[in-house]
Amino acid sequence: MVRPYGTKLLDVLENNDGLGADLARICTNAKLPMLLVGKALGVSRYTIYKWFLGMPMAKKRNAVIEAFISKVAADMEAGRLPAKSPEDAKAYFNETKNAV
């Protein structure tokens with residue numbers, strides 16, 4: 001099973017809007033770890049965590065993040081996600097690394 005996100009983060013998401021919160025919601029629902037999301041988006045796990053909590057992100061990243069959110073949402077609808085294990089999450093990113 002994929003390690004769950006912490007309760008602090010999940011509590012913050014209930015009252016947060018914006019692109020970072022949208023990214024957090026899709027990643028938590030898809031059970032995608034922050035480390036792998038960070039690698040896919042070219043930033044650190046810590047940066048992903050800060051975005052999830054509502055810290056501002058460079059506007060130049062918006063298009064890539066929006067594309068990532070759309071890809072994950074489509075894969076959830078198609079039944080490819082949520083990840084069932086850490087290996088499943090890694091395999092997902094290995095298969096889709098050039099898709100975003």
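**Close-ups of a predicted model**

View 1. Phe68 is tucked away: with a relative accessible area of 3%, it counts as buried (under 20% relative accessible area; exposed is over 50% and partly exposed in between, with a 1.4 Å probe and protein chains only). Keep in mind that this is a predicted model, where local features need pLDDT of at least 70, side-chain atom pairs count only at pLDDT 80 or more, and totals for chains, interfaces and linings use all residues. Residues are numbered from 1 along each chain as its sequence is written, and side-chain values use heavy atoms, with hydrogens and water left out.

Searching the whole structure turns up two aromatic pairs. Rings of Phe, Tyr and Trp (its six-membered ring) pair if their centres lie within 6.5 Å; planes under 30 degrees apart are stacked, over 60 edge-to-face, and the rest tilted. Phe68 and Phe93 have ring centres 6.2 Å apart and planes at 10°, so this pair is stacked. Phe68 sits in helix H5 (residues 62-77) and Phe93 in helix H6 (residues 86-96), so the pair ties together parts that are 25 residues apart in sequence. Helices here are DSSP runs (H or I, at least four residues), numbered from the N terminus.

**View 2. Phe93 and Tyr92.** Phe93 is buried too, with a relative accessible area of 8%. Its ring centre is 5.5 Å from that of Tyr92 and the planes are at 80°, so this pair is edge-to-face.

**View 3. Helix H3 against H6.** The axes of H3 (residues 34-41) and H6 come within 10 Å and cross at roughly 5°; axes are lines fitted to C-alpha atoms over the stretch in contact, with angles from 0 to 180 degrees between N-to-C directions. That makes H3 roughly parallel to H6 (under 35 degrees; over 145 is roughly antiparallel, 65 to 115 roughly perpendicular, the rest oblique). Leu36, Val37 and Ala40 of H3 meet Ala89, Lys90 and Phe93 of H6, where contact means heavy atoms within 4.5 Å.

**View 4. Asp75 in helix H5.** Asp75 is found in H5 and is buried, with a relative accessible area of 11%. Leaving aside neighbours within four places in sequence, Asp75 is in contact with Arg80, Leu81, Tyr92 and Thr96.

View 5. A cis peptide bond, with omega about 15°, joins Leu81 and Pro82; Pro82 is in the loop between H5 and H6. Lys31, a residue other than glycine, has a positive phi near 60°.

Notes: Helices (H or I, at least four residues) and strands (E, at least two) are DSSP runs, numbered from the N terminus.
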